[in-house]
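Look at the structure first, then read on.

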Amino acid sequence: MTLFLTGIFILIAGYFTYGKFIKWILSPDNRTTPAILNEDGVDFICLPHWKNMMIQLLNIAGIGPVIGVILGIKFGAIVFLLIPIGNIIGGATHDFLAGMMSLRKGGANLPKIIQNTLGTSFSWFFNVFMIFLLLLVVAVFINVPAELVDGFWENTRADFWAAVILIFIYYIIASLFPIDKIIGRLYPIFGLMLFFGTAMLLISLLWKAGHAETDFLVPTDNFIKNMFQNQPMSQPIIPCLFVTIACGIISGFHATQSPIIARTMKSEQEAYSSFYGMMVLEGIIAMVWAAGALAVYNLFPETLNMKAPVVLLEIIKYFLGNGLGTITILAVIILAITSGDTALRSLRLSLGEIFHISQKVAWKRILIILPLIICITILLTWSHQNAKSFGFLWNYFAWGNQVLAACTLLAGMAWLISLRKWWGIALIPAGFMSFIVLTYILWISPTHGGPLGFGLPYNLACGLGITGAVLLCGWAFHCGKKLRTVEDSKKLLPDNKNGIVTEKEISEIHR
């Protein structure tokens, strides 16, 4: 219990200390926001600050901080410290950077941000990767809530595919309608359910802990024997923990969601609480569910061999029973659904931006959505075949998610360098996450207990991961210096047509 409470304290204290430091560096001001400059009645609309915070929280707090930590706590109680430290230094900083870059680039989506900071050539690779990841996100965030509906209300014989169809229909509608018509109206209600469910779990957890004979948040001998690091196919904390917990610590998916809110803010002054603050709140949610999972693993050893969604149901049944449990499982289902709908929305917006398709006209939005429906249906059919298929889907989703985080942080590093701001706040998490994703894909393989990868020896994979991370950070530094030169040249040529500066003009200026 001590580690758990210490982690909660770190998250709260970090928001008011390190978070303020990040805010000082990024310096949100009173300039006109994209919601006012580009108002279109669909995606660029001013919304109240409290609604923006609620939408951002529900956008980013998908099933990662629930399912991810139920799996991640099997690495041990050290997770109670790694979640808050990683969240404050990495995840919340990542979200704040992504949001501010979008605000300063007219509400640009992540592909445009990557193109502006890391170059056009890299952006094409990134665009393909991001589209594939968002397809995985939507598929995962349909699959899991449908499984939960089918499992929790088993006496009603709810059909998995019936739940899939209903959830998918909602996603399509929510992604097509203006943001204030559905998302802006439903999310406050969904948010209250999320807060209530998580708060009830926390209260029950603390109550039962206070009346238990032993601290059920201290790993038992049986738990230690069966934790990830002590299984026949051992999974080391580095890099596996930071891929298993796909949210809560850091998540690249959030960078695809922050531009949605950047397009609905009345003032840049809202950015700190909306981006940094909501990620810290997600960290607290992740901590509560991690504690619930560890308690259930200790009290009921048989759950160590169960699938994460099944363990989730066991947590709810033990701590909350049928009445409050029903509300809580609805809150968890909503967590997934409120990330899946905006993931599909972000996918639509990004494709529209990449292919220069205006999103003001309804039929053009539908034109983009139709092929996405086919792709997602294929992924859903494959992932539901068996537990192994879903496991592969989750692993690739989680790894791809963190690849996006590394790319966003590298872009943030280049952006800060171009502005002559202290770029160390991006360098540290960018270097670490680059090392994690490179090491993971180089090491992982079926023989190592995971999906397909290169299967290299662990020490070799770590060595190559470190080398690759150093090279990537050096490349981002070069991109930032080059971007700074272009920005300086624009200032020296105020009358240049459309602000375009050629390479020849730059060389002449700096000769």
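Which residues form one aromatic cluster? This is a predicted model, and in it the cluster consists of Phe122, Phe125, Phe126, Phe129, Trp399 and Trp475.

**Aromatic pairs**

The count of aromatic pairs comes to 22. A pair of aromatic rings is described by the distance of the centres and the angle of the planes. Two of the pairs are set out here.

| Pair | Distance of centres | Angle of planes | Class |
|---|---|---|---|
| Phe122 and Phe125 | 5.7 Å | 50 degrees | tilted |
| Phe129 and Trp399 | 6.0 Å | 80 degrees | edge-to-face |

Take Phe122 and Phe125. Both belong to helix 8, which covers residues 120–152. They are three residues apart, about one turn of the helix. Phe125 has 48% relative accessibility, so it counts as partly exposed.

Now take Phe129 and Trp399. Phe129 lies in helix 8, and Trp399 in helix 17 (residues 387–418). The two are 270 residues apart, so this pair links distant parts of the chain. Phe129 and Trp399 are both buried.

**Helix 14**

Helix 14 runs through residues 271–299 and has 29 residues. From first C-alpha to last, helix 14 reaches 42 Å, close to the 42 Å expected. It also has a kink of about 30 degrees, centred on Gly277. Why is helix 14 described as largely enclosed by the rest of the structure? Because 26 of its 29 residues are buried.

Terms used. Residues numbered from 1 in each chain as written. Predicted model: local features only at pLDDT ≥ 70, side-chain atom pairs only at ≥ 80, totals over all residues. Heavy atoms only, no water. Helix = DSSP H or I, 4+ residues; strand = E, 2+ residues; numbered from the N terminus. Expected span 1.5 Å × (residues − 1). Bend = angle between axes of the 7 residues up to and from the residue. Buried < 20%, exposed > 50% of the residue type's maximum accessible area, 1.4 Å probe, protein only. Phe/Tyr/Trp six-rings, centres within 6.5 Å; stacked < 30°, edge-to-face > 60°.
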